[in-house]
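Keep the definitions in mind as we go.

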Amino acid sequence: MKWTMMTGSMITVAVLSVVPVQAEIQTMIAAGGCFWCVESDFEKVDGVESVVSGYTGGTLVNPTYKQVSSKNTGHFEAVKITFDDEKVSLRELTDYFWKTIDPTDPNGQFCDKGEPYRTGLFYQNDEQKRVFEASLSDIEKNKPFSEDIVTEILPAKTFYLAEEYHQDYYLKNSWRYRFYRSSCGREARIEELWGSVASEQYH
């Protein structure tokens, strides 16, 4: 019987698969008063794939707009922002968020008062919590006003999609939307707080 023994280095053949690196699509949930306005402010940002309006933070399952508007469900009017983090980061979106709201008002936003119109950021994991808190810390150190920031950073709960007629309201009913936004005093208060209206570059 003949035995063949391999000596020296063993040769390992590895087949390498080159997989294209895909951008990571993430979501961010935020409440900034009227969700029509928040949707409009974020949907035009480069890197944002989509923004949908909805309800979150409360206890009522599958809430309707009428129920949330009654101001006793605990829900916020909120948006879910889907974005490509190779084009825009969560931190960039969070820093922008502060300058599209009045973070000093615990009772609502602009002309809209009551629990649905409170402001908040809803983290879906520990990394999002870290980003939100770091952004808030920087804003608190550098804000150009003296009032305290009351916007909450909260763990995400179920996000319920709002009715279809609320989605892209600013596009479907542009005249009514512009009249509402102006008469509600959103831009005027943001400019008073921050010195300029961050979203104007997209309007």
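Q: Which residue in S3 is the bridge partner of Met28?
A: The bridge partner of Met28 in S3 is Ile81. Before going on, please note that this is a predicted model, where local features need pLDDT of at least 70, side-chain atom pairs count only at pLDDT 80 or more, and totals for chains, interfaces and linings use all residues. Residues are numbered from 1 along each chain as its sequence is written, and side-chain values use heavy atoms, with hydrogens and water left out.

Q: What makes S1 and S3 a pair of strands?
A: Two strands pair if DSSP finds at least two bridges between them. Six bridges join strand S1 (residues 25–32) to S3, so the two are paired, and they run antiparallel. Strands here are DSSP E runs of at least two residues, while helices are H or I runs of at least four, both numbered from the N terminus. The protein chain has seven helices and eight strands.

Q: How many bridges join strand S2 to S3?
A: Eight bridges join S2 (residues 48–56) to S3, and these strands also run antiparallel. Among the paired residues, Ser50 has Thr82 as its bridge partner in S3.

Q: Why is strand S3 described as largely enclosed by the rest of the structure?
A: Buried means under 20% relative accessible area, exposed means over 50%, and partly exposed is in between (1.4 Å probe, protein chains only). Eight of the nine residues of S3 (residues 76–84) are buried, so the strand is largely enclosed. In the protein chain, 45% of the 203 residues count as buried.

Q: Which residues have the most contacts inside the largest nonpolar core?
A: They are Met28, Ile81, Leu93 and Trp98, in a core of 44 residues. Apart from this core lies another, of six residues, including Ile29 and Phe122. A nonpolar core is a set of buried Ala, Val, Leu, Ile, Met, Phe, Trp, Tyr and Cys residues joined through side-chain atoms within 4.5 Å.

Q: Why is the link of Cys111 and Cys184 called a disulfide?
A: A disulfide is a pair of cysteine sulfur atoms within 2.5 Å. The sulfur atoms of Cys111 and Cys184 are 1.9 Å apart, so the pair meets the cut-off.

Q: Is Cys111 buried or partly exposed?
A: Cys111 has 43% relative accessibility, so this residue counts as partly exposed. Cys184, at 9%, is buried.

Q: What makes Arg189 count as buried?
A: Arg189 has 19% relative accessibility, so this residue counts as buried. Its place is in helix H7 (residues 186–194).
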